Amino acid sequence: MIKNFWHQALNSLSSVFLLILFVVAGRKLGDEAFGKFSLALAVAFIFQAILDPGFYQITIREIARKKSVVTQYLANIVTYKIIIAAISFIFLATALQLISIPKETVYAIIIMLFAELLKSIKNAYSSAFHAFEYFNLDALVWTIERISLLVIGTFALMQGAGVVGFCLVFAVVRLLDLIIVLIISKINICEPKLRFQIPFLKKLMIESLPVGLFLIILNLYTYIDTIMISAIRGDAEVGWYNAAFKIYEGLAVFPMIICTVFRPRISRTFYLNKPYFERLFPIGIKYVTVISLAVAVTGFLVSGIAIRTLFGEEYT
């Protein structure tokens, strides 16, 4: 488990590359354009909850207990995501035509939704990597993606790319990244397939419902404020708000490292060895609590300095 912890730590800490990219974007795009990008990103995150209503957690639990079901889970979940994404795109495209927002923002939202679909499909395979405890492979693919986004995204911004061009970087990088993930999965876990087994998906939806409802509410709670600020106050204030919010999200990865490493082991021991589960679970809770408090206090103390240093006086 110690080795898994360090692999997951590398994976989570690679989120720093995204934070750096968002800092560069905030400075190069300016507060108003960065606000448009942040709005597109917020809509994409809410879209993510529709694409994955709790499948990620259920998949880790079930495959960790019985690895032979991996193909059935991945094939059905990926097919579900593609179908739901297609339906959602149609509804959203219609809705965006009825709302009075700039065309640039509309294009940014559509591109980021496509990028989010690619990321969501990758997440399905990421759950299998966790269930098999291939944390090294999972850390590898996520680190490569985030470094690629940082390098290519920074280059695009330096060349004068606007909001739409910057969003296109996410779509292109994640498309190439998904191809790599499918190849790695074929070699180490199972061959990528598509299936649409209605009885299986119905059963999976029922099992996922409690987690799915929680995630939908969590994503709405987390990102609806960006949409509200955009509608009420405008793009510049969305940019100011999200400069602070990206720092919060960057710090939040530290307690999540423990959660992610413990999840497959706890799932398996709950099923196979209850006494060991009862010893292991409180240890996980203790470490998460300590790290969360440390991160919260540190973030509170350095918040003002961090905003001015990273994003600049424009965001004060």
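What percentage of the 316 residues in the chain is buried? In this predicted model, buried residues make up 51% of the chain. The fold is built from 11 helices and zero strands, and its radius of gyration of 20 Å is close to the 20 Å that the globule rule gives for 316 residues, so the chain is as compact as a globular protein of that length.

**Overall architecture**

- Read from one end of the sequence to the other, the chain follows the pattern α-α-α-α-α-α-α-α-α-α-α.
- Along the principal axes, the C-alpha atoms fill a box of roughly 55 × 45 × 35 Å.
- Of the contacts in the chain with a separation of 6 or more, 83% are accounted for by residues 24 or more positions apart.
- The chain exposes about 15300 Å², and carbon and sulfur atoms supply 71% of that area.

**Packing of helices H4 and H5**

- Two packed helices are described by the angle between their axes and the distance between the axes.
- Helix H4 covers residues 70-98 and helix H5 covers residues 103-131; the two pack at an angle of about 170°, with their axes 10 Å apart.
- Because angles over 145 degrees count as roughly antiparallel, H4 is roughly antiparallel to H5.
- The contact of H4 with H5 has 19 nonpolar residues, together with four polar and two charged residues.

**Helix H3**

- Helix H3 spans residues 55-65, and eight of its 11 residues are buried, so H3 is largely enclosed by the rest of the structure.
- The buried residues of H3 are Phe55, Tyr56, Ile58, Thr59, Ile60, Glu62, Ile63 and Ala64.

**Ile83 in helix H4**

- Ile83 is found in helix H4.
- Is Ile83 buried or partly exposed? Ile83 has a relative accessibility of 35% and therefore counts as partly exposed.
- Ile83 and Thr298 lie 215 residues apart along the chain, and their C-alpha atoms are separated by 43 Å.

**Asp138 in helix H6**

- Asp138 is found in helix H6, which covers residues 135-158.
- The relative accessible area of Asp138 is 1%, so this residue is buried.

Technical notes. Residues are numbered from 1 along each chain as its sequence is written. This is a predicted model: local features need pLDDT of at least 70, side-chain atom pairs count only at pLDDT 80 or more; totals for chains, interfaces and linings use all residues. Side-chain values use heavy atoms; hydrogens and water are left out. Axes are lines fitted to C-alpha atoms, for helices over the stretch in contact, and angles run from 0 to 180 degrees between N-to-C directions. Helices (H or I, at least four residues) and strands (E, at least two) are DSSP runs, numbered from the N terminus. Angles under 35 degrees count as roughly parallel, over 145 as roughly antiparallel, 65 to 115 as roughly perpendicular and the rest as oblique. Ala, Val, Leu, Ile, Met, Phe, Trp, Tyr, Cys and Pro count as nonpolar, Asp, Glu, Lys and Arg as charged, and the others, Gly among them, as polar. The radius of gyration is taken over C-alpha atoms; the globule rule is 2.2 Å times the number of residues to the power 0.38. Buried means under 20% relative accessible area, exposed over 50%, partly exposed in between (1.4 Å probe, protein chains only). Contact means heavy atoms within 4.5 Å. Accessible areas come from the Shrake-Rupley method with a 1.4 Å probe; for residues, only the protein chains shown count as cover.
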